[in-house]
Amino acid sequence: MFLYNLTLQAPNAINQSILGNFSGTRQQELVVSHVSRIELLRPDTTTGKVHSILSHDVFGVIRSLAAFRLTGASKDYIVIGSDSGRIIILEYNPIKNVFEKVHQETFGKSGCRRIVPGQYLATDPKGRAVMIGSMEKQKLVYILNRDIAARLTIGSPLEAHKSHTIVQYCTGVDVGFENPIFACLEVDYTEADQDPTGEAYRETEKMLTYYELDLGLNHVVRKWSEAVDRRSNMLVAVPGGTDGPSGVLVCSENYITYKHIGAATLTVPIPRRKDPLENKERGLLIVSGVVHKMKNSFFLLLQSEEGDLYKVTIDYTGDTVNEIKIKYFDTVSVAAGLCILKSGFLFVASEFGNHQFYQFGKLGDDDDTPEYSSNDFITNDDGTLDVKVYFKPRPLENLLLVDELASMSPLTDAKVLNLTDEDTPQIYALCGRGPRSTMRILRHGLEVTEMAVSPLPANPTAVWTTRLTADDKFDQFIIVSFSNATLVLSIGETVEEVTDTGFLATTPTIAVQQLGQDALLQIYPQGIRHIRANKQVTEWRAPGGRQIVRAATNSQQVVIALTGGELVYFEVDESGNLSESHVRREMSGNVTCLSIQPLPAGRRRVRFLAVGCDDNTVRILSLDASNTLEPLSMQALSAIPESLVMIDMPDQITAGSLTTLYLNIGLQNGVLLRTVLEQNTGQLSDTRTRFLGARSVKLFELNMAGNPAVLALSSRPWLSYQMQSRIHLNPLSYEALEYAASFTSEQCLEGVVAIAGNALKIFTIERFGQVFNETPIPLTYTPRRFVVNPVHKSIAIIESDHQTFSALEKKKKLQELGFEANEEEEELDPVVFGHSRSTPGKWASLIRIINPATEETTFTLELEQNEAAFSVAVLNFAVEAGDMFLAVGTAADVTLAPKSLSSGFIHIYKFVNDGMGLELVHKTPVDEVPHALLHFQGRLLAGVGKTLRIYDLGKRKLLRKCENRSLPNSIVTLHNQGGRIVIGDVQESIHYASYVAADNKIVVFADDKAPRWISCSAMIDYDTVAGGDKFGNFFVNRLPQKLSQEIDEDEAGSKSVGKGYLHGAAHKVDLMAHYHVGDILTSLAKTSFVAGGREMILYTSFMGGIGIFIPFQTKEDIDFFQTLEMHMRNEMPPLAGRDHLSYRGYHVPVKGTVDGDMCEQYNLLSGDKKRMIADELDRTPAEIQKKIEDMRIRAI
Amino acid sequence: MDRANLNSQLEHLQSKYVGTGHADTSKYEWGVNQARDTYASYVGHYPMMSYFALAENESIARVKFNITEKMVQPCGPPPERKD
């Protein structure tokens, strides 16, 4: 087995976000890190939309990001702290749209180690130095400067190490142009490590330390150190120099302190939510903060772990701070990063769930929210503050949500199913946490936003849009052709019919074109109508008895095909008249389609005409004056061509020119071909083929995201577009369309107008590159697992939240506290504000049934008595074969650390109401948490702690039938085929067991050689298991063939099972593949996306990624991709400085897997490098690109 | 390679890489180093932190804070020295 890994959707959780002018223009942009991927986002401040400009896989772990700008410069650089043991400085090149590595300096070993820097980054606000720190001991300071040619230089590292010191946070202090200072929160454990009484540990202090970089001496010194609260977790630098008083805010549990050398300490409490259910013992942490500087003032936004934003203002005179004030601002989701744009927007990179982009409506200056000042609070002698102040949370008042970026993180479980009988299966995924969680149904296809639908009197055959003059910015007319008439609609505030346009309304239309400077052209079967701006009409009549069948136009050239296959060519002459060329050409068969090259701006003529004929050919003809309509080349096809489109796409495939001319051919058998048309010779080469659907393919040229794109209509619409040096071909999630045209108006810059049945539809496509579009169904608590009832096709989900009041508990507690029930009417929306937090060991949990057809919840059951659900299975019992049952494994009073519970339970429910409801049959107490349940031969197989049991259905409870206690820790996954059971242990990887019916016992006969902390697993075939672990590895284990047979033939089971060996099973499985994905896998499934396509392994990961492993079919392919991967490692080393091979072999060396994402970066190489690698592989660059593309197409 | 050189090399390693063992490493020291290494690795791997945060239903920043705090004394106070 040899696998090819491809990411279908990259993980979209964000762990770091920074703001800067990375393009070097005045536009502010965001750079975010998705752990192993770095992405540039460009917010459009006029529309409020955030666009992804560039996303690059760095094959490493990005732990910290920082932006800096050299003094006087206008462009920001990006610094990356990663697991590579290197500091990386990147620059964004907006012309090539790439991140360029400016500096890479090695300082230590790779890996996320305790003493190797990379975890913390702090930059001097004036861009003179950067500090990179580790969790313990090491801190390095690099001086940044520029050389004579104004290039960025980086000095050798200066050490600011302090051993036996744990670092909590680092930030750069704003000191203007004085020597750069970095502030760190540190704890020295030297004393605590030596003192057996624990006294020293209790007295250990957390220190705020200033490290000063002496630029004159080139040396770092500890300048100042002061004890702060032990429960401090974060620092926020206050603007300094000419902008403010300098210094830092130390965020501790419950309060914020202002500190600076030689300055008075000021303390203000963090306001808490007014909530009767509040746990007063629990401290409140600040989790993120951002400073916003305006012309003459600044303010800070801090966010608490509940998601509440606080506005902090600092009143100062000169360098002296008089007062700090804090007030509640608004509540958004808890952020991993906050960024405020100068144009008045707030970007919230949520730690879980969708990321939000807000616009500031106001700055919370003049509302009645209470404001608290540091002058009103007196601290204790030790500097702490134990006052609690409150605010009343309310819906958004200052912020306005303008855009959202989808994030499926955390993705806890997923399955690939086709429950709604569509062409392709859907992915059902459990996403999100607490009240923000959703079940998302993902369908393969780009998301389409419908703008308008209007019915027409009859079924139209075609539609066009046109401008009136060459200078028009927007389309003015929509022309709709019916089988015997033509309708002209004008585009304005509304779309209305117009009649005095010069168009012939009593005939169907073949083509419409804005011609020359200000004329219009209507081509209809009997002739051509040339409508001048003054409504003067010139007609060209088709010769007697013959009709025009096809036409191709651009704004200067017109070609028509007459019945019988004759081509006539026209050009616009100097005076704006349409003049017929004296050359005509008879084609070998009937012309079925025509296409003319798009006219580049400023040109009067293009060279190529493509003609498709019913003898299964496409010919390229010349339109040059010297050899008009001379054939240049020809391509034979497998079917009659239905439609042709030539477009120029910008890329670097053809050396020396920035665009490549593609000829797209849609065939009547549903196949789309894309061929490169050589610009000089007109030769056709490098054909890519793809089957789109059962209907013949019609093609239309569009403009999408500023680039030309092709819309292909078959049994579903597809879009071929170019993004980040790759041509993508994705289906649209939309109904089948008959005909389409691009549509540009003031309201809708890049739209499409299309015909479906008798309706005219206008729609736009926005989220390019997102191959899945999602339909969310809201849930109440964090979803854990789900199963599908195969008979009724309903979905059962279990949801559990720790530290949360369940609805019942909340009611009870409120009544205890004497609150009336009617006060709940003004209850806060939990989706924004979260559920009321309870104490550890308290749970809220429910069981939910969803009908996937209607996408609605049909049944919920909230668990009582502090029970939480952990596992679920659908089954039918042999004793009651007619009914479907749901088994839910729960436990009561679970605490996480130390692990404890009062009792576990297995609930048995019977499906009622056609599978849309549940009815409790009985509850069976068990001694441990049942983490895995499975239907097994008409009975229930349950992993209860480390015990594996078979239960049968009894009258009052489940009946224990068989038990095995030999598993090491805790059973988390179970699978079976026949009598073979595959068990995943939480720490000890996969175990193979077999159920011996004769003896009624389960015997474990094989296990893994290595320990693995299993997070998910799937049985690929009878002998093979794929699994994922909590460190982000993927592996495949296989039972040796001979052993597998022996076990099955030996009915008694005892002989070949053998005696245990070294505390494990007698036999060991073979490792077939091993690969570090970089994110925790949460589900695995063997599936096939394309109907009748190849089977592959689909995985989902915790941070919202979806990927696949495709098995190679030939030895040649394996060799090819392995060699390509090897060359790619050399020619394009990962951006974050991590060695690719060692990243993919993070814990165990890579085995039997090729990294397809690495191979796809081939497209990003320069032409020279592409050719160099291609030479090594004895192929052309185009062949390599085709092979890479084929791998992806085969999958999806 | 003579013994003195070997020792000096070892000492160099021990001073450069925190947690390098020596002949007299006690069980406590070994455990403390292992725990600190583990916690540092947790903090470095963001997916792991979010995994914990989801299980505990806490914010990631709170989980990071707790883990960093634990690094100060991960295995309780050191045992009494037997001199």
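**View 1. Five cavities of 30 Å³ or more turn up in a search of the whole structure.** The structure is a predicted model. The second largest cavity has a volume of about 410 Å³. It is lined by 26 residues. Those closest to its centre are Val334(A), Arg433(A), Pro435(A), Gly834(A) and Asn57(B). Helix α4 of chain A, residues 830-833, gives the most to this lining, with four residues. By type, the lining of the second largest cavity divides into eight nonpolar, ten polar and eight charged residues.

**View 2. The largest nonpolar core has 83 residues.** The residues with the most contacts inside this core are Tyr4(A), Met131(A), Ile427(A), Phe772(A), Phe1121(A), Leu1124(A) and Tyr1162(A). Take Leu1124(A) and set aside its neighbours within four places in sequence. Leu1124(A) is then in contact with Cys1159(A), Tyr1162(A), Ile1173(A), Leu1177(A), Ile1184(A) and Ile1188(A). Another core, of 45 residues, lies apart from the largest one. Its members include Tyr739(A), Ala740(A), Phe743(A) and Phe763(A).

**View 3. Ser622(A) is found in strand β52 of chain A.** The strand covers residues 617-622. Ser622(A) has a relative accessible area of 1%, so it is buried. Beyond four places in sequence, Ser622(A) touches Arg607(A), Asn627(A), Thr628(A), Leu629(A), Glu630(A) and Leu632(A).

**View 4. A cis peptide bond runs from Ser409(A) to Pro410(A).** Its omega is near -10 degrees. Pro410(A) is found in the loop between β33 (399-405) and β34 (411-417) of chain A.

**View 5. Ala897(A) and Pro898(A) are joined by a cis peptide bond.** Here omega is about -5 degrees. Pro898(A) has its place in the loop between β71 (885-892) and β72 (903-912) of chain A.

**View 6. Ser246(A) has a positive phi although it is not a glycine.** The angle is about 65 degrees. Ser246(A) sits in the loop between β19 (232-237) and β20 (248-252) of chain A. Its relative accessibility is 6%, so Ser246(A) counts as buried.

**View 7. Asn913(A), not a glycine, also has a positive phi.** The value is about 50 degrees. Asn913(A) lies in the loop between β72 and β73 (917-926) of chain A. Its relative accessibility is 60%, so Asn913(A) counts as exposed.

**View 8. Gly1105(A) is found in a loop of chain A, between β88 (1096-1101) and β89 (1106-1111).** With a relative accessible area of 2%, Gly1105(A) is buried. Not counting residues up to four places away in sequence, Gly1105(A) touches Gln9(A), Ala10(A), Pro11(A), Leu411(A), Tyr1099(A) and Thr1100(A). Leu711(A) is 394 residues from Gly1105(A) in sequence. The C-alpha atoms of Gly1105(A) and Leu711(A) are 28 Å apart in space.

**View 9. Over residues 652-656 of chain A, pLDDT stays under 50.** For residues 652-656, the model has seven contacts beyond four places in sequence. As for chain A overall, the mean pLDDT is 92. In chain A, 98% of residues reach 70 or more.

Definitions and conventions. Residues numbered from 1 in each chain as written. Chains lettered and ligands numbered in written order. Predicted model: local features only at pLDDT ≥ 70, side-chain atom pairs only at ≥ 80, totals over all residues. Heavy atoms only, no water. Core = buried A, V, L, I, M, F, W, Y, C linked by side-chain atoms within 4.5 Å. Buried < 20%, exposed > 50% of the residue type's maximum accessible area, 1.4 Å probe, protein only. Contact = heavy atoms within 4.5 Å. 1 Å grid on protein atoms, 1.4 Å probe; cavity = no way out; pocket = protein on both sides within 12 Å on 5 of 7 lines; lining within 4 Å. Points joined across faces, edges and corners; volume = space filled by probe spheres on them. Helix = DSSP H or I, 4+ residues; strand = E, 2+ residues; numbered from the N terminus. Nonpolar A, V, L, I, M, F, W, Y, C, P; charged D, E, K, R; others polar. pLDDT = per-residue confidence, 0-100.
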